[in-house]
Amino acid sequence: MKLSTLFPKTQRQAPKDEVSHNAQALEQAGYISKLFAGVYSYLPLGWRVIKNIERIIREEVNAAGGQELFMPALHPEELYEQTGRADIDVLFHLEMANKKKLVLGQSHEEVIVPLVKKYIQSYKELPLYLYQIQTKFRNELRAKSGILRGREFIMKDLYSFHTTQEDLDAYYEYMKEVYSRIFQRVGLGNRTHLTFASGGTFSKFSHEFQTLTEAGEDTIHLCESCHIGVNDEIIKEYNRCPQCGKSTLVAQKAIEVGNIFPLKDKFSSKFGLTYTDQNGDEQPILMGCYGIGLGRVMGAIAEVHNDERGLRWPAAVAPYTAHIVSIGVDQKVLAHAEKVYAQFEQNGISSLYDDRDERAGVKLGDADLMGIPHRIVVSEKTGTHVEHTDRTTGQSTVLPVAACLKKITE
């Protein structure tokens with residue numbers, strides 16, 4: 001991609017109507033654009049980041065036995081009346097021309113349970129793991145944290161269906177490991193901790209995955225012994241670590257990037273979702289649910305991976321691997337830069353090439369702002385070589401193009 005044609009260009013200043021760092025940095029660098037509070041457009045650079053996060057999630061969930069589907073966002077309100085959730089404050093309510101009442105999907109328990117009931121009857125068809133990556137709608141009262149808390153957002157929601165509590169428990173524990181791998185791969189692993197949270201009416205505990213950052217809107221209490229967290233909402237009841245029993249808990253600010261719930265029969269019982277066991281008897285199907293907000297993950301990465309000059313994307317989620325910058329107007333330099341760009345693309349290294357007729361300071365500043373992992377400068381000074389700069393470490397080296405390609409791919 002040539003930067004001269006990229007939509008849109010960077011902004012010279014961060015937007016003044018944003019208070020969160022993730023929104024300021026992402027809007028200024030041309031990754032997102034706010035329509036109104038809690039609702040954002042993902043621009044071409046930002047959409048590439050989202051798709052990379054989505055790819056990692058999909059790979060891990062598929063490996064965990066997940067089957068991907070896609071369910072409607074328009075839900076009949078009577079399904080929510082059946083589960084007692086028609087009056088929850090986050091729902092957007094709609095009405096069709098024929099007066100039929102609908103809600104916009106804030107989650108999909110009310111849709112997937114009747115769907116599974118339609119097709120599953122026997123113990124031989126279980127366990128079952130179904131997931132989607134889809135837009136959700138929630139009437140958030142405090143949508144002020146950029147893409148961390150949206151009114152419209154993209155979410156991966158996985159639902160598991162089991163014949164026994166033991167099978168549900170085993171898969172639930174397995175999904176903790178799957179989530180840990182996901183957050184490790186997107187660049188949040190060292191800062192993201194499994195956290196005990198309230199389970200509500202269906203379980204003593206649920207679990208969140210919280211990423212430590214001073215910009216976080218949550219407070220967790222982190223165990224210094226086993227590094228498990230306790231959500232602020234249950235710390236008064238559990239003043240010790242639920243994992244190891246020690247009381248060395250330290251308050252930390254964090255961003256929730258994922259959660260998992262052992263739903264048990266909370267929703268299956270409302271719709272009569274059962275299976276026939278080996279003896280021909282009817283038994284309740286037990287459920288778990290597992291959510292990750294893709295925008296939340298992107299926002300958390302932006303909050304964690306940045307410096308005073310801009311974003312610093314982890315390689316696995318960056319919109320491009322290399323940012324090639326030509327400095328000067330000498331025709332030999334420009335021809336060399338075009339050749340380098342072609343070589344990178346031919347070697348499978350996705351590249352953003354700044355071919356604009358701009359001052360060096362503007363180009364280098366934009367490269368830092370966008371935060372692509374590898375900056376490749378071509379100038380009269382570099383000659384037939386290139387200057388490679390690691391965006392994370394800031395370390396720069398002048399080296400031949402072939403050596404630079406090897407450095408990036410090794």
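Of the 410 residues in the chain, 53% are buried, that is, under 20% relative accessible area with a 1.4 Å probe and protein chains only, whereas over 50% is exposed and the range in between partly exposed. The model is a predicted one, in which local features need pLDDT of at least 70 and side-chain atom pairs count only at pLDDT 80 or more, while totals for chains, interfaces and linings use all residues. Residues are numbered from 1 along each chain as its sequence is written, and side-chain values use heavy atoms, with hydrogens and water left out.

**Overall architecture**

- The chain contains 10 helices and 23 strands, which are DSSP runs numbered from the N terminus (helices: H or I, at least four residues; strands: E, at least two).
- Along the principal axes, the C-alpha atoms fill a box of roughly 80 × 60 × 45 Å.
- Of the contacts (heavy atoms within 4.5 Å) between residues at least 6 apart in sequence, 68% join residues at least 24 apart.

**Surface and charge**

- The chain has 48 positive and 53 negative charges, and their mean positions are 3 Å apart; Lys and Arg count as positive and Asp and Glu as negative, without His and the chain ends.
- Each charge is placed at NZ of Lys, CZ of Arg, CG of Asp or CD of Glu.

**Aromatic pairs**

- The structure holds 11 aromatic pairs, defined by ring centres within 6.5 Å for Phe, Tyr and Trp (its six-membered ring); planes under 30 degrees apart are stacked, over 60 edge-to-face and the rest tilted.
- Tyr31 and Trp313 form a tilted pair, with 5.3 Å centre to centre and 50° between the planes.
- Tyr31 lies in the loop between helix 1 (21-28) and strand 1 (32-36) and Trp313 in the loop between strand 18 (310-311) and strand 19 (322-326), so this pair links parts 282 residues apart in sequence.
- Tyr31 is buried at 0% relative accessible area, and Trp313 is buried at 2%.
- Tyr129 and Tyr171 are stacked, at 3.9 Å centre to centre and 10° between the planes.
- Because Tyr129 belongs to strand 7 (residues 128-137) and Tyr171 to helix 5 (residues 165-185), the pair ties together parts 42 residues apart in sequence.
- Tyr129 is buried at 15% relative accessible area, as is Tyr171 at 6%.
- One aromatic cluster comprises Tyr129, Tyr171, Tyr172, Tyr174 and Tyr290.

**Charges over rings**

- The charged end of Arg48 sits over the ring of Tyr320, 4.0 Å from its centre; the criterion is NZ of Lys or CZ of Arg within 6 Å of the ring centre and within 35 degrees of the ring normal.
- Lys266 lies over the face of Phe267, 5.5 Å from the ring centre.
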